[in-house]
Amino acid sequence: MNNENIIELRSKILKGIELSFEKLIQAKQKNNGFLVYSKDDKIFFVKASELVK
């Protein structure tokens, strides 16, 4: 694979991840669900409705 193909593949993978995350947020919003994050050994609960863009 050359660099151009690698860059294109990388951008497609990142776009797929973004779409999947947005679908997850939408599904959680319908059920008034929470998303759980971990940062610096701390656990955070965030309401999906607070993540609306």
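**Close-up views of a predicted model**

The count of salt bridges comes to 1, a salt bridge being a side-chain nitrogen of Lys or Arg within 4 Å of a carboxyl oxygen of Asp or Glu. This is a predicted model, where local features need pLDDT of at least 70, side-chain atom pairs count only at pLDDT 80 or more, and totals for chains, interfaces and linings use all residues. Residues are numbered from 1 along each chain as its sequence is written, and side-chain values use heavy atoms, with hydrogens and water left out.

**View 1. Helix α1 covers residues 3–30.** Helices here are DSSP runs of H or I with at least four residues; strands are runs of E with at least two; both are numbered from the N terminus. α1 has 28 residues. From first C-alpha to last, α1 reaches 41 Å, close to the 40 Å expected at 1.5 Å a residue. That expected span is 1.5 Å times one less than the number of residues. Just after α1, Asn-32 takes a positive phi of about 55 degrees.

**View 2. Glu-8 and Lys-12 form a salt bridge.** Their closest N and O atoms are 3.3 Å apart. Side chains of opposite charge can pair when their charged atoms come close. Both residues lie in α1, 4 residues apart, about one turn of the helix. An α-helix has 3.6 residues a turn, so residues three or four places apart point the same way. Buried means under 20% relative accessible area, exposed over 50%, and partly exposed in between (1.4 Å probe, protein chains only). Glu-8 is partly exposed because its relative accessibility is 40%. Lys-12 has 54%, so Lys-12 is exposed.

**View 3. A nonpolar patch lies on the surface.** Its members are Met-1, Ile-6, Leu-9, Ile-13, Leu-14 and Ile-17. Together they have about 610 Å² of accessible area, by the Shrake-Rupley method with a 1.4 Å probe, where for residues only the protein chains shown count as cover. Patch residues have over 30% relative accessible area and no salt bridge; nonpolar side chains (Val, Leu, Ile, Met, Phe, Trp, Tyr) are joined within 5 Å, like charges within 9 Å. Ile-13 lies in α1. Ile-13 counts as partly exposed because its relative accessibility is 48%.

**View 4. Strands β1 and β2 run antiparallel.** β1 spans residues 34–39 and β2 residues 42–47, joined by 6 bridges. Two strands pair if DSSP finds at least two bridges between them. Phe-34 has Lys-47 in β2 as its bridge partner. Lys-39 stands opposite Lys-42 in β2. The hairpin has 2 residues between the strands, and Asp-40 takes a positive phi near 50 degrees. Of the 6 residues of β2, 0 are buried, so β2 lies largely in the open.
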